[in-house]
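Hi everyone, thanks for making time today.

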Amino acid sequence: MQEFYNKALVSLLCIVGASFLIGYTCVDRTYLHLPLVPADNSQLPWHGEAAADEIQGGLSTIKINDDKFILHFEFKIEKKIEHPFASFALVFTDAANEKTLVNLTQYDKLSFSTKCSPNNTLSLAIATFDEAISVPDNLLTYRAPGAFFSCTENRARIELDLTRLETPQWWFDMFKLDLSRQAYTLDKVSRITFSSTFQSPVNSIATVQINELTLHGRDWRYMYLLGGFLFITWGSFALWLFRQYTRALTKDLRDKIQRDRPLVAYQQLSVEPHRDKEKSAILRFMATEYANAELDLDTMVTAINVSRTRINEVLKAEMGYTFITYLNKLRLTEAARLLAEKEEANVAEIAYSVGYKNVSYFNKLFKEEYGCTPKTFKSLCNKDQPQQT
């Protein structure tokens, strides 16, 4: 059995190691992190684009100071028109640097750090193409769900939930849509825009710094893959362990029978005359009478006229056992042989045949000797027998 335990331990360690490595990889890939800034580190190519109400006749202006390492821009809002604004957008592009739509459905959060001077309230909007409404190249028709956030002179970290953005009311009013149609998808996103709001400072230059802009999400496919891997791997290991344990136990029991059988065979077939007649008489008597249910030390003393002390001395010296221990060894060894070879005999019959009056006591001794009950031993041996054809 020691060989089985060693093999099982090595297999267990290998599976634990593989489970840890694959589990770490799957968990790492489940939690997605996609940095957008700095631009050179982004897996989604984009370029910066500024806009202000000048195109609508206003006087607001915006200037980009840096859009590669951080988003650093400044704007000045002038109240010449009803809704003045200034905005900076990350416009997504393809490999040819042409504007494109990207799929952000895997991401549910957007985080970044901000710093503004003076204090400001800004908005973030994600322009996404709505199949039922939007017209290509006409940004006003794109649905633009967004959220507001505060920006102060002390750098702060902002985290926005991309699943809980709100589409502005003017968009619904423009297309005469029901305000309850708030559902949106981020499968066709053209840009992410940071804009001024009606609470932004007026008639003064406002500076905005945004960095560490990162998309966060989860791809549960890797967790499903991990679950399947663990179920199959550990299930297979448990099945293998059960089968190998059964085989190892059967082999171990058969080896034990082979080792113990000479004890009985020697006494039954090979007892040769010894110089010491007492030794020969003791061994011959034990070999022929061990199955006698009435056999005890006093009976043996009377039958062969040898003292109790001498009987135990001989058995201890020759066989390494006391009288009771050796008697049980002989009986249990023969019982194991009968259990393995006599399929038609039941446990009780075999217990009585080898000298036990009490089947429960026989079961207890057999389990101590062989590590399993006689019934389990018989089942293992019968299962391992070659089928007759």
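There are 18 aromatic pairs in this structure, where rings of Phe, Tyr and Trp (its six-membered ring) pair if their centres lie within 6.5 Å, with planes under 30 degrees apart called stacked, over 60 edge-to-face and the rest tilted. Take Tyr-356 and Tyr-361: their ring centres are 6.2 Å apart and their planes sit at 65°, so this pair is edge-to-face. Tyr-356 is buried at 4% relative accessible area, while Tyr-361, at 40%, is partly exposed; buried is under 20%, exposed over 50%, and partly exposed in between, with a 1.4 Å probe and protein chains only.

A quick word on the source: this is a predicted model, local features need pLDDT of at least 70, side-chain atom pairs count only at pLDDT 80 or more, and totals for chains, interfaces and linings use all residues. Residues are numbered from 1 along each chain as its sequence is written, and side-chain values use heavy atoms, leaving out hydrogens and water.

Next, Phe-362 and Phe-366 make a tilted pair, 5.8 Å centre to centre with 55° between the planes, and both are buried. Together with Tyr-356, Tyr-361, Tyr-370 and Phe-377, these two form one aromatic cluster. Arg-331 lies over the face of Tyr-356, 5.2 Å from the ring centre; for that, NZ of Lys or CZ of Arg must be within 6 Å of the ring centre and within 35 degrees of the ring normal.
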